[in-house]
Amino acid sequence: MVEYLVSVTTSTAPQAGSFSSVGVTLIGTEGVSPEVILGSGDSPLTPGSTCACILKTEILLGTVVLIQLRKQRVPNFPDLDWHCQEVCVETPSGEKCCFPCNKWIQSTDGAIELCSELVSTLSSETLPILRDHRARELQAKQKIYRWRTLHEGVPRCIDMTSLEALVPNLRYTRQSPSTNLHYLRGFAERAESWGSFQELERLFNLNHKDNTIARYVKSHWQEDSFFGYQFINGCNPFMIRQCRHLPPNLAVTNEMLCPFLPEGSSLEQEMEHGTVFLADYEVLEGVPANRLNGRQQYLATPLCLLHCDQQGELKPIAIQLQQHPGPQNPVFLPSDSAPDWLLAKAWVRSADFHCHQLISHFLRTHVVGEVCCIATLRQLPEIHPLYQVLMPHVSTTLQINIQARASLLAPGGVFDKSSACGLEGVSALLRRATERLCYSALCLPEDLQDRGIDKLPHNYFALDGLRAWGAIKRFVQGLVELYYPSDAAVQQDSELQNWIREIFVEGFLGRAESGLPQSFQEREELTQFLTMVIFSCSALHAAVNFSQLDFDLWMPNCPASMCRPPPSVKGAVTMDDFLSWLPDVNATCSILITLSLLSQPARDYIPLGEYPKERLFREGAPCRLMDALRKELQELRQQIEERNASLELPYPYLSPDRIENSVAI
C-alpha cells in the first residue's frame, strides 16, 4: 500500500466551522484514490483547526493535480456551511503540495475540485486532466450564473432576484458601522414643504456632526465659485467639458455674456483660449418625472455655461433650463435677481443629482462591476491569473446590486417615493445613458483629455485620479507581462477572448459604437481594460460614493426633486418662494437616510492594494508587484495629505486610505 498524508485546514473565522465531515479524494496523473473521511470523531471541523489522516492507495497516483472535497452532513446535527482554508498533501516521496480553497462549502455543492496553488492560462496548461477540469468548472458555473434582461437597452444583470440564490462565497458579509439615523427618522408623515430655512438648519445641525465639508457646503452653496467647483471636485465630476463652439440650442450671445468675462475679451476669444466649459444634461430629455405625496414632480434638462477666470475659479455665466430655446425658456444670468439666479442653479444641481446617482455612481461603477463579475465567473476558471486579479474587485457587486434592485430601485424604494426620477424614469435614464456610454469615457486619462479638463486649475479629482490610475496600470501591466509573454499569447487565450466578448455582448449590448474591445489583440489593450475595471470598482467608486453625503447633507445644494415646474419668465421668484420648489420634508429625510447608509465605509474594508495570498499573491513576482503598488499608494496618500492641509476645502475622496478594493456598498 502507498500512503499519502492529507490535512484539511478550517479557516479561523468564528463561524467557519461545521458539524459535518468531509470526504477527500486525491486525483493524480496516474490514478484516483479512494475517498477518506475527515472531521469526524475527535477531530471536528472547528475554526482554525487542521484535521489530518493517512490515505492509503494500492498504486502511486503520479502527480497529485486535483483534490476533490465532498461535505457530508452528520445526522441529528445542523447542516452548517463550512469555510475551508486549504488542503495539503504529502506524497510517499516526501513532496508537499498545497491546494488553496478559501471558500464556503455546502452539502448541496456535491463534489468540488481544488487545483494546486499555481495559476495558469489555458494555453500554458499541458495536462489534459487540468484542461478538462477548467472546462467542467466553467460549464457548472454557467448553469448557476445566468444573464437577465431587467430593462431593454440597459446592461444585462445576474438572473437572481434574492440573496438566497447567491452562493455564500459571493455574499457580502462585512457590515458598515452603525450610522446614527435617529435625527432623520420620524419625518415620514410630514408630506409638506419646508416651512423655512430655519427648519432646514435645525435638521442639519443635528446631523452634520463633525462633517467639516458639509458645514462648508452649507456656508457657501449660494456662491458661484463653489457652484462651479462642484463640477470638478463634487460627487459628480463627469458633466462638464470644454466648449470650443456653442451648441445651436443654447440661446446666448456675446453681448449677453461680456459682462462676466475679462475686460476687453469676448466669448469667442475665451472659447479659443479654452476657458469656457459646458455642462449639458440632455440625457434627461424625455425622462418621465415622478409623483410624490400626490403631487407632480419636475425634471429639467439644463445647459450650464461656465467660465474659468484669471484666478482659476470656475463660475457659471449662463443657465438655460430646457434644451429647446424659446420665449418661455429664458437664459438666466448672474446679473439676474438673486432669487432667479439661485433657483436656476438649484435646477442644475437637481439634474446633477439624478445623473450622479444613476449614471456616474450606479452605471459606471456598480453595473460595470457586475457585468465584469458575471463574465469572470462564467468564462475564467479560478486557476486563471486574471480571475485572481479581478474577483477581489468585483465579487461584492452581485449582492449589492441584487439588494439595490430589490429595495432602492424597487416599488416603495427611495427612487419611487422620494426622487423626481421615479421607477419609470430610472429605466428611461439608464437606457439613454447606456446608449451614450463609450469605452473611452470609462478610461480616466482619455476621458479627462477628451473633455478638455485634464489641466483645469484646482481639479483635484483629475490630479489624484490620474495618480491612482497610473499606480493601478503599472501594477496590472506587470501582471499582464508576467502571464502573457507576447501579444500572440493574449490572442491565443480562448478563455480571455470569451470573457471580453461576453462583456461586449451582454454588458455593452453588442454596440460597436461604444468602442469597447470585442477581442484583445495586444497586451496593452488588455492592460488598459483591466486597469479600467479595477479603477472603476475601487478609486472611482470611492470618489463618487463617499463624497455624496458631504455635498448633499445640506439639501438645497442638491435637491432630489423639484415640486414646481421650471420658471418660464424672469423676475417672478422671491426668496420666500424658493423653498416651495424644493423637496418635501419626508422626501428630504428619506434621501438623506439613504445617502447616510451608502456613504459609510465598511468597518473592516479591504484597502486597494491588498489581495488574498493563498494563490496568485503568495510569493514571487506577483507579490513584488503588489508591494510596489502599496508603496506607490502610500506615497500618493502622503502627497494628498500635504496638499489638503493647505486647502480651505480639502479633497479627500481619492486618498488611498479611503479607497476600498471593491464596490463595497
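Predicted model: local features only at pLDDT ≥ 70, side-chain atom pairs only at ≥ 80, totals over all residues.
Visitor: At what angle do helix α7 and helix α11 pack?

Guide: Helix α7 covers residues 338–379, and helix α11 covers residues 423–436. They pack at about 60 degrees, with their axes 11 Å apart. The two are therefore oblique to each other. The crossing of α7 past α11 is right-handed.

Visitor: Which residues of α7 and α11 meet?

Guide: From α7 come His 354, Leu 358, Ile 359, Phe 362 and Leu 363. From α11 come Val 426, Leu 429, Leu 430, Ala 433 and Thr 434. By class, eight are nonpolar, two are polar and none is charged.

Visitor: Are α4 and α7 roughly parallel or roughly perpendicular to each other?

Guide: Angles under 35 degrees count as roughly parallel. The axes of α4, residues 224–233, and α7 cross at roughly 10 degrees. Therefore α4 and α7 are roughly parallel. Their axes come within 12 Å. α4 passes α7 in a left-handed crossing.

Visitor: Which residues of α4 and α7 meet?

Guide: α4 brings Asp 224, Phe 227, Gln 230 and Phe 231. α7 brings Trp 341, Lys 345, Val 348 and Arg 349. This contact has four nonpolar residues, one polar and three charged.

Visitor: Now a single residue. Is Lys 103 buried or exposed?

Guide: Buried means under 20% relative accessible area. Lys 103 has 15%, so Lys 103 is buried. Lys 103 lies in strand β7, residues 96–105.

Visitor: What does the side chain of Lys 103 join in a polar contact?

Guide: The side chain of Glu 382, at 2.9 Å. Beyond four places away in sequence, Lys 103 also touches other residues, among them Trp 82, His 83 and Asn 169.

Technical notes: Residues numbered from 1 in each chain as written. Heavy atoms only, no water. Axes fitted to C-alpha atoms, helices over the stretch in contact; angles between N-to-C directions. Helix = DSSP H or I, 4+ residues; strand = E, 2+ residues; numbered from the N terminus. Parallel < 35°, antiparallel > 145°, perpendicular 65-115°, else oblique. Left-handed = near helix turned anticlockwise from the far one by under 90°. Contact = heavy atoms within 4.5 Å. Nonpolar A, V, L, I, M, F, W, Y, C, P; charged D, E, K, R; others polar. Buried < 20%, exposed > 50% of the residue type's maximum accessible area, 1.4 Å probe, protein only. Polar contact = N/O pair within 3.5 Å; in protein donor to acceptor, adjacent residues only side chain to side chain.
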